[in-house]
Amino acid sequence: MFAKVIIDQDAKALDREFEYSIPDGLNVICGQRVIVPFGTRFLQGFVVGISENCSFDADKVKPISRTVEDFPVIKKEMLELMFHMADKLHLKLASILRLFLPSEMRTDSVHELIVRFCTLAENFEMPSARAKKQLEIVEFLKENGKQKFSGLSAKFGYAPLSALVKNGTVLVLEEQQNRAPVFDEIENTERKLTPLQQRAVDEISENKTYLLHGVTGSGKTEVYMNLIERQLKKGKTALMLVPEISLTPQVLANFKARFGDNVALIHSGLSAGERFDEWRRIFLCQARVVVGARSAIFSPIEDLGIIIIDEEHEQSYVSESNPRYDTHEIALFRRAYNNCTLVFGSATPSIESYAKAIDGEYQLVEMPVRVNGMEMPKIMVVDMLMEMRQGNNQIFSIPLIYELKNIVEQKKQAMIFINRRGFSSFQRCRQCGYVAKCTDCDVSLVYHRYENRLKCHYCGKRYRALDVCPSCGSTDIKQGAVGTERVVEELKKLFPDVRILRMDNDTTSQKNGHRKILNEFRDAKPGILVGTQMIAKGHDFEDVLLVGIVDADQSLYQSDYRSIERTFQLITQVAGRAGRSSTQGKVILQTYSPRHYVYRFATNYDYKGFFKKEANLRKVTKFPPYARILRILFTHEDEKTVAQECKTCYEKVKAVKEKFTKDFVYLDVMKAPLNKIKNKFRYQIMMRFTLENADEIEKEIFDCVDPKAKSSVFFEVNPNNLS
Ligand code: ADP
Ligand code: ZN
Ligand code: ZN
């Protein structure tokens with residue numbers, strides 16, 4: 001018998017199936033991890049196929065050396081998913097397989113945690129009276145039962161304990177222990193569903209794909225939990241994805257309280273051991289509900305009854321680093337494979353998903369009002385140009401300061417949203433125009449006053465802050481656009497006695513950083529929480545009655561086709577944090593473009609109106625979802641190489657365009673907007689074509705790239721980020 005093996009290495013040249021013979025007596029199945037001879041080395045690989053025959057000279061085929069485990073670590077569904085992704089997304093097989101296993105498991109740097117316990121033997125002799133410590137140990141075990149070896153040894157000493165083990169008085173047992181993520185303990189808050197929630201639960205009853213459009217505060221979580229319960233009762237399992245930043249302690253605690261040890265958790269904050277043990281519990285079908293961030297979509301869970309993707313519009317569901325994939329697509333594959341239910345949920349569905357719902361591809365389920373019947377917060381638009389004309393050059397408008405004062409007087413809470421961390425987006429010399437830039441990346445550095453450093457937000461490199469211009473010596477340094485640190489500083493000046501907290505990547509980088517800040521905020525009354533998108537989602541604080549959006553235009557003028565959609569989503573989500581309990585909330589939205597249509601629709605919570613306008617615009621101008629954008633990104637340390645290879649590819653793409661002239665809307669080759677990141681130069685071919693022959697065009701385009709190219713090459717379909 002012969003096995004097809006994928007070598008677990010990133011090299012392009014190794015990206016195919018290699019054949020090995022299966023030695024007599026070795027039991028090998030598809031999906032199993034094996035060690036194989038490769039050249040002069042032994043490498044790890046995965047068996048992806050088994051056959052009677054070998055496609056070339058059977059005498060020259062080398063045998064598999066050994067298996068790593070005696071069971072397949074890649075289950076059948078995932079193997080099929082691998083081939084599907086390779087075919088559709090043009091990814092390397094080995095890089096796809098890596099998504100399916102905890103990385104520390106692949107590199108063999110994490111193992112089961114074995115804990116040693118001590119108990120008394122059934123028949124034992126009491127130690128002699130002179131061995132005082134030994135007697136104490138025996139007494140202790142008699143009284144307290146099974147104890148950890150390490151604990152006993154620390155308490156009574158290693159020597160007496162090991163003496164007891166040696167003469168058989170104390171037995172040592174080894175047990176595998178799960179390292180479990182920490183959850184906050186809360187009561188199970190199961191509640192009677194409102195009629196609207198009940199209707200949604202009833203409607204989501206078939207093995208189809210649904211889009212649940214429910215306004216913020218409509219109680220979607222409770223609907224999800226009911227759907228999951230229904231599947232568990234049927235003996236099925238459930239997979240629920242939430243954006244990483246919404247996996248708040250509150251959300252996790254709710255799931256734990258409802259589903260107990262059935263829940264496994266997968267997210268980036270886990271330690272290697274925790275991740276490995278959670279993965280194992282899922283693999284062994286010990287956990288029947290998986291809650292996690294994007295990567296949890298690859299969990300080896302079986303018998304899926306339902307997949308739920310909350311906040312489905314979130315950009316973070318699209319992986320922008322290698323390998324690139326869209327979680328929606330993976331979910332659709334797994335839904336079809338398991339013939340189960342799939343729910344995409346959001347208060348602001350992506351234009352793509354809503355268009356599919358309108359076309360009948362997804363079933364639309366709506367929850368148009370909040371659970372408690374509370375009105376949506378009132379959004380007031382403030383024209384910052386007008387503020388300036390009236391002599392206010394500050395970050396905060398007069399109405400925002402007025403409302404903040406109210407909040408402070410009433411001992412309530414406010415959230416201030418600014419989607420930029422640090423103090424200011426750049427530092428520039430007013431005299432000569434010098435801007436501090438990263439030496440490794442083609443970007444300006446962000447000033448962080450708290451550490452008094454300039455930081456590159458692409459590679460993390462740190463630099464000394466400017467107090468003198470290195471180019472002309474001037475001390476007249478201008479600060480760029482406002483960030484979270486600056487907002488906090490200004491608020492502290494205005495409200496010196498109020499608790500002001502900051503939540504962004506910088507303050508939450510430590511384990512449980514999130515939890516600490518949120519717990520502190522919960523008790524801060526009055527209190528103000530300043531933050532990036534991290535504060536926009538999922539939080540449910542009943543005393544937050546005011547939300548301030550410092551710079552609503554920030555996401556509006558980015559140069560990609562989704563920027564208006566994203567602005568609408570952000571405003572709706574952030575506004576949704578206010579007035580969730582018994583008092584209507586208020587939102588102050590500061591902008592320099594108060595008449596932009598996105599603000600008109602957002603302030604009226606008119607999603608459908610916004611969809612109509614935006615969808616129509618994209619139809620007319622031929623943008624997704626009514627056309628497809630494809631970017632081929634080349635990166636390499638040497639600029640000449642990357643430019644040349646990109647150019648060569650472009651010539652071939654042009655030939656494809658000739659063939660499909662009618663379909664092509666746009667094609668060009670250029671430096672990427674960010675020409676250099678981490679010392680790698682970036683060039684791109686951008687194209688846009690209509691949908692009729694899109695799949696065929698895409699296939700031909702894939703073949704335009706020289707497999708021997710030295711550059712790394714990435715294909716991005718409808719990318720979120722065009723930098
Ligand atoms: P969404 O995710 O749709 O924004 P949530 O799921 O966060 O909304 O629910 C909003 C609030 O309503 C939460 O505080 C939640 O505990 C509460 N809630 C949800 N369902 C019910 C119910 N049936 N009865 C009472 N309160 C509920
Ligand atoms: Zn200067
Ligand atoms: Zn950098």
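This report describes a zinc site and a pocket in a predicted model.

## Basis of the model

Local features require pLDDT of at least 70 and side-chain atom pairs pLDDT 80 or more, while totals for chains, interfaces and linings use all residues. Residues are numbered from 1 along each chain as its sequence is written, and side-chain values use heavy atoms, without hydrogens and water.

## Zinc site

Four cysteines coordinate the zinc ion (ligand 3) through SG, namely Cys438, Cys441, Cys456 and Cys459, at 2.2 to 2.4 Å; donors are N, O and S atoms within 2.8 Å of the metal (3.2 Å for Na, K and Ca). The spacing of these donor residues in sequence is C-x2-C-x14-C-x2-C. The site is tetrahedral, with angles of 106 to 111° among the four donor atoms (four donors with all angles between 85 and 135 degrees).

Cys456 is buried at a relative accessible area of 2%, whereas Cys459 is partly exposed at 27% (buried means under 20%, exposed over 50%, partly exposed in between, with a 1.4 Å probe and protein chains only).

## Second largest pocket

The second largest pocket holds about 1,300 Å³ of space. A pocket is an open set of points on a 1 Å grid where a 1.4 Å probe fits, with protein on both sides within 12 Å along at least five of seven lines; lining residues have an atom within 4 Å of a point. Its lining has 48 residues, with Thr221, Gln250, Asn254, Asp540 and Arg580 nearest the centre. By class, 12 are nonpolar, 20 polar and 16 charged.

Because domain 3 (195–360) and domain 4 (378–421 + 483–618) both contribute lining residues, the second largest pocket lies between them.

Notes:
Chains are lettered from A and ligands numbered from 1 in the order in which they are written. Four donors count as tetrahedral if all angles lie between 85 and 135 degrees; four count as square planar and six as octahedral if opposite donors are over 155 degrees apart and all others between 65 and 115; anything else is irregular. Grid points are joined across faces, edges and corners, and a volume is the space filled by probe spheres set on the points. Ala, Val, Leu, Ile, Met, Phe, Trp, Tyr, Cys and Pro count as nonpolar, Asp, Glu, Lys and Arg as charged, and the others, Gly among them, as polar. Domain bounds come from an automatic or database domain assignment.
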